[in-house]
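Biologist: I have the sequence and the structure open. Could you take me through it?
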Amino acid sequence: MGLYDALNKEQKKAVCQVEGPLLILAGAGSGKTRVLTHRIAYMIDEMGISPWNILAITFTNKAAGEMRERVDRMVEFGADQVWVLTFHSACLRILRRHIDRLGFDNGFAIYDTDDQKAVIKTVCKHLNIDTKAYKERTLLGAISSAKDELISVEEYAMKAQGDYSKAVYAKVYREYQDTLKKNNALDFDDIIVKTVELFKACPEILDSYQERFRYICVDEYQDTNTAQFELVRMLAGKYRNLCVVGDDDQSIYKFRGANIKNILDFEQHFPDAVVIKLEQNYRSTQSILDAANAVIGNNVGRKDKSLWTSKGSGDRIHFRQFDNAYEEAEYIARDIVKKTKNGNASYGECAVLFRTNAQARLLEERMIMEGIPYNVVGGTNFYSRMEVKDVLAYLKTIDNARDDVAVKRIINVPKRGIGNATLDKLDAYAFAEGTSLYGAMEVAKSVDALSKVAGKIRPFVELIAEARRHSTEMTVAELIRYLLEQLNYAEYLEEYDSDSAEDRMENVEELIAKAISYWENAESPSLTGFLEDVALVADIDTVEDGDNRVLLMTLHSAKGLEFPYVYLSGMEDGLFPSFMSIASDDVTDLEEERRLAYVGITRAMEDLTMTCAKSRMTHGEIQYNAISRFVREIPSDLMDEVVPTPKKKIDFADDYLGFDTRPRATVRPKVTAQADKPFIAKGIGSLNQLAGISKGVPAQTDTEIHYAVGDRVKHIKFGEGTVLGLVREPRDYKVTVDFDNAGQKIMYASFAKLKKI
DNA sequence: TTTTACTTCGTTTTT
DNA sequence: CGAAGTAAAA
């Protein structure tokens, strides 16, 4: 049993509890992956359970890959028989075998967000829906939420009766699903939903998988949505050997449909469940854990638990506030330089985390200036680059001719003189005949309405037909090269934009490299398989460890990772917690943000730095933000002292901004909280002045504001309220106030005449 | 049909 | 501010 000696008592208990439902509440850094892998090894080696009967489900490919690797190392024989997959890849394996039972073709395509948008657009066009009144994002959001909750088109229509806009959503939902089916495509949500549908429609198929997967583990269980819960419930329904691992305090995907009730109510669903709590943390210092515990303690309705460590208290948590986001980024970059110069840290041990992707740009610029090697996780996904999407759309068209979205993308790339007019004709014909766009193109020359455009279309149809013939004997990489040559794609890129052509071609080469590595590693490589692989990569999957770079990423991406040195940037009310969550009347929205803060804090092993800026540019406006309430929730004895903000060239701008420039040394952040002190904001000419590049434009307005975000104010009509937002506009300030009685209002400062109380 | 110049609009978070 | 979408011109 030497293998299991390194585990603590609770961990051992979790490893040995193999039969029946089991809930492992695993706090951050409590070694849950170790428990999961040991548990699988224990089942196989000690209990004699066949690897064939084990299913382990995670959320990201990265997590699945790591678990697979560790299981392979630990289990002597048959480890490859264990399914270690993400929800999506597991469902896809099942659907590729059986989806014909639901009337789809087994070679179905997978639609990403862009594809979904394109579908919504055509749906709105066909249904004559004004996309100004009904935003695509909103429509897609409604559809996605419905699917997360397993609400079918029919149910949605039923529930929508009497509600006009819901009825519109219902119509769009129906048409959207019909379009997907016609295109032989599934979106991300469908991958789960259709598997559940399949199991419901075909009990014998469900039974075969129940027999196969007698032992099921689900990681990150707090992130499961209703559809995923139902899937797991069905699969485990027969043998009930279901082990779920999660931490309700790390549930941060509500917006994606994650239902925190799945974990909170696990014991109701499975009354005989064994519950094991893992509270010993092996990652962070006590100070960091104390801070995390203090913050998360403000949430109600959570499973009570408290992390502890046998490590020492470690350094205090650092906190710095800056005048603007540039200085914040500069500080972080220089601090990293300092740490690495000392020889204490390597770049790869540092991570900078933030709430929104938009914050990455500024930080990135600073990293470049200081010569720090870095990687930004996410942001513009490799697979969403124009040139990559073009090539993929060709491959998709070859793979699945019914995929209208792919065809539309490439029909005029490179230019073939096919514009909206031609496309509309084809679309009208295809819609009337119930065929696909490509189907319409194939028969164009023998259709009167299309005969005029048939000539333009022909080369495209011939190219695809020829490529399709080749696709059976070529590897994906060879097929891509063939296409590039036939299309003169390099030339097209050059014409499109000569400056970027080289970079873009490099991206295409990278795609080819990925195709080659797919072909070498896949069990039975195919074009369909490659496209599937590509569709399912998450941002975090592409992170390579060990190349010694500072990682820049969102807090969401950081979940599950750990770093010795962590910077939490943009700790500002309105940014983090987000404006939406502060303004929301649903308190659980703010609690979710707090869990995100908890996730962020607990990423740090040794050293945690929190930073914020008094002002920052947000879509062309200067926003003034108060220090994040989450910073204030940390007891001040855990924080280091606040040193004065480094002042340099920016100094004179203080006159414009009227910022309090008194030294802040030796004052703890709780006391310095910006919102506690009024500042007077005066109009400034432009951001350039802020940066010290004066254009000689004097201050334009004389608006003076005597309150800040977070302050209590009084309005002559609406009464008392709290300032939620303060945004500078060309000649006034836009103030958002949450009034105690009148609710939330947005108004101009010069009219509102608010008084601070 | 394609290019250009202008307006509008938005920011959470992502498998 | 920048992307993306729309209207007008070529």
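Biologist: How far apart are the centres of domain 3 and domain 4?

Modeller: The two centres, taken over C-alpha atoms, are separated by 42 Å. Domain 3 covers 292-380 + 545-638 and domain 4 covers 382-536 of chain A; domain bounds come from an automatic or database domain assignment.

Biologist: Before we go on, what are the ground rules here?

Modeller: This is a predicted model, in which local features need pLDDT of at least 70 and side-chain atom pairs count only at pLDDT 80 or more, whereas totals for chains, interfaces and linings use all residues. Residues are numbered from 1 along each chain as its sequence is written, chains are lettered from A and ligands numbered from 1 in the order in which they are written, and side-chain values use heavy atoms, with hydrogens and water left out.

Biologist: How many residues surround DNA strand B, and which are the closest?

Modeller: There are 27 residues around DNA strand B, and the closest are Phe-59, Arg-137, Arg-355, Asn-357 and Ala-421. A residue is near a strand if one of its heavy atoms lies within 4 Å of it.

Biologist: And what does Asn-357 approach there?

Modeller: A backbone N or O atom of Asn-357 is 2.7 Å from a phosphate oxygen of DNA strand B. The side chain of His-88 places an N or O atom 3.3 Å from a base oxygen of DNA strand B.

Biologist: Which helix gives the largest share of that surface?

Modeller: That is α19, with three residues. Helices are DSSP runs (H or I, at least four residues), as strands are (E, at least two), numbered from the N terminus.

Biologist: Turning to DNA strand C, which residues surround it?

Modeller: Lys-121, Arg-361, His-619 and Gly-620 surround DNA strand C. Sugar and phosphate make up 38% of the atoms of DNA strand C that come within 4 Å of the protein.

Biologist: New topic: how does the span of helix α6 compare with what its 13 residues should give?

Modeller: The values agree, because 13 residues (136-148) at 1.5 Å a residue should span 18 Å and the end C-alpha atoms are 18 Å apart. The expected span is 1.5 Å times one less than the number of residues.

Biologist: Which residues of α6 are buried?

Modeller: Leu-139, Leu-140, Ala-142, Ile-143, Ala-146, Lys-147 and Asp-148 are buried, meaning under 20% relative accessible area (1.4 Å probe, protein chains only). Just after α6, Leu-150 has a positive phi of about 60°.

Notes. A polar contact is a pair of N or O atoms within 3.5 Å; within protein, one must be able to donate a hydrogen and the other to accept it, and residues adjacent in sequence count only if both atoms are side-chain atoms. Buried means under 20% relative accessible area, exposed over 50%, partly exposed in between (1.4 Å probe, protein chains only).
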